[in-house]
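Colleague: Hi! Could you walk me through this one before I set anything up?
Modeller: Happy to, here it is.

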Amino acid sequence: MDKTRTMRNIIVLSLFILGFFSYKKSEQKQVLKPQKKHVELHILDGGQITVNKLELFSEDTTYQGQNKVLADPYYIVIHPNGKLIWDGGLPENLVGLAEPFTDPSGAFTVSRKDSVKNQLKSIGLTVNDIEYIALSHSHSDHLGHANAFKNSTWLVQENEYDFITNDSAKVKQADTYNLIKDLIKIKKLKGDFDVFGDGTVVIKSMPGHTIGHQVLYLDIGFDQPILLTGDLYHFEENRTNQRAPIFNYDIPQTKESMKAFETFAKKNNANVFIQHSTSDFERLKALLNN
Ligand SMILES: [Zn+2]
């Protein structure tokens, strides 16, 4: 074997080895995923609701004459690839009122202590730090501070978006529309959506309460994944008995979503938190402080 040929073989072999290592490196890069323990969750207080006519929350007369206090939290997810706010609490024009506000029908009395800007500050964030906003659904107790996130991308089911922004809704449901009208960066969803593409933060479509109602699944390193209900259930009794409020958009569809939710929760061994439940508010706060 002549010298030139030997040199050429050595060069070819070296290039092959180098190429192999750089291939391995890029291969490793592709499969690297954020560690679940690096995803943080915060629960913040978006106000309080006293339901004065609890009978609205069942198709039968079960709750006739009863009332109940509901929590109204919202959540911040801090993922290595971005931050998400889930839900918007009660409208911020309630902040600073001397007395809680009762709606004209007398069904609900609502209050909110602080604005999202102040509350985000308490965890070292500003509204401009939040890349994504997702709302379980378009009712005013979930849209309260949505307009503060005009630079964020709104993750919304396409049918929910159409329902709340069509020309008729802008007039007939102006109070609701006005709470989201500043959101202009829109990503329309058709069903489930894995927000960061790694299975840690997944929006699940669970229609019925509204046309495009959704819940949030968080597999972020706790013993069990966390599953936030949105308003699929408002309190424990309705989960136990699979009861739906009479004001839902579609009650049979809600019941189907309840079945799908329970199957999903069981399959994933999820820790379910009913967002409006005052005891679940405290239970999640305690879990996150650990
Ligand atoms: Zn609600």
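Modeller: Let's begin with Asp 87, which is found in the loop between β3 and β4 (101-102). Bear in mind that this is a predicted model.

Colleague: Is Asp 87 buried or exposed?
Modeller: Asp 87 counts as buried, because its relative accessibility is 0% and the limit for buried is under 20%.

Colleague: And what is its phi?
Modeller: Asp 87 has a positive phi of about 80 degrees, although it is not a glycine. Gln 242 is another non-glycine with a positive phi, in its case about 50 degrees.

Colleague: Where does Gln 242 lie?
Modeller: In the loop between α7 (236-241) and α8 (251-267). Gln 242 is partly exposed, with a relative accessible area of 24%.

Colleague: Switching to the metal: which residues are the protein donors of the zinc ion?
Modeller: Asp 141 and Asp 231 each donate through OD, while His 142 and His 276 use NE2. These donors lie 2.0 to 2.1 Å from the zinc ion. Along the sequence, the spacing of the donor residues is D-H-x88-D-x44-H.

Colleague: What arrangement do the 4 donor atoms make?
Modeller: An irregular one, because the angles they subtend around the zinc ion run from 92 to 157 degrees. To count as tetrahedral, four donors need all angles between 85 and 135 degrees. For reference, the ideal angle for four tetrahedral donors is 109.5 degrees.

Colleague: Okay, strands now. How many residues of β2 are buried?
Modeller: 10 of the 12 residues in strand β2 (residues 68-79), so the strand is largely enclosed by the rest of the structure.

Colleague: What does β2 pair with?
Modeller: Strand β1 (residues 40-51) pairs with β2 in the antiparallel sense over 10 bridges. In that pairing, Val 51 has Lys 68 of β2 as its bridge partner. Strand β3 (residues 82-86) also runs antiparallel to β2, joined by 5 bridges, and there Tyr 75 is partnered by Trp 86 of β3. A hairpin through 2 residues connects β2 to β3.

Colleague: Last one: where is Asn 271, and what does it touch?
Modeller: Asn 271 is in strand β13 (residues 271-273) and is buried, with a relative accessible area of 17%. Leaving out residues up to four places away in sequence, Asn 271 touches Gln 224, Pro 225, Ile 226, Leu 227, Arg 283 and Leu 287.

Notes. Residues are numbered from 1 along each chain as its sequence is written. This is a predicted model: local features need pLDDT of at least 70, side-chain atom pairs count only at pLDDT 80 or more; totals for chains, interfaces and linings use all residues. Side-chain values use heavy atoms; hydrogens and water are left out. Donors are N, O and S atoms within 2.8 Å of the metal (3.2 Å for Na, K and Ca); water is not among the atoms, so sites may look incomplete. Four donors count as tetrahedral if all angles lie between 85 and 135 degrees; four count as square planar and six as octahedral if opposite donors are over 155 degrees apart and all others between 65 and 115; anything else is irregular. Helices (H or I, at least four residues) and strands (E, at least two) are DSSP runs, numbered from the N terminus. Buried means under 20% relative accessible area, exposed over 50%, partly exposed in between (1.4 Å probe, protein chains only). Contact means heavy atoms within 4.5 Å. Two strands pair if DSSP finds at least two bridges between them.
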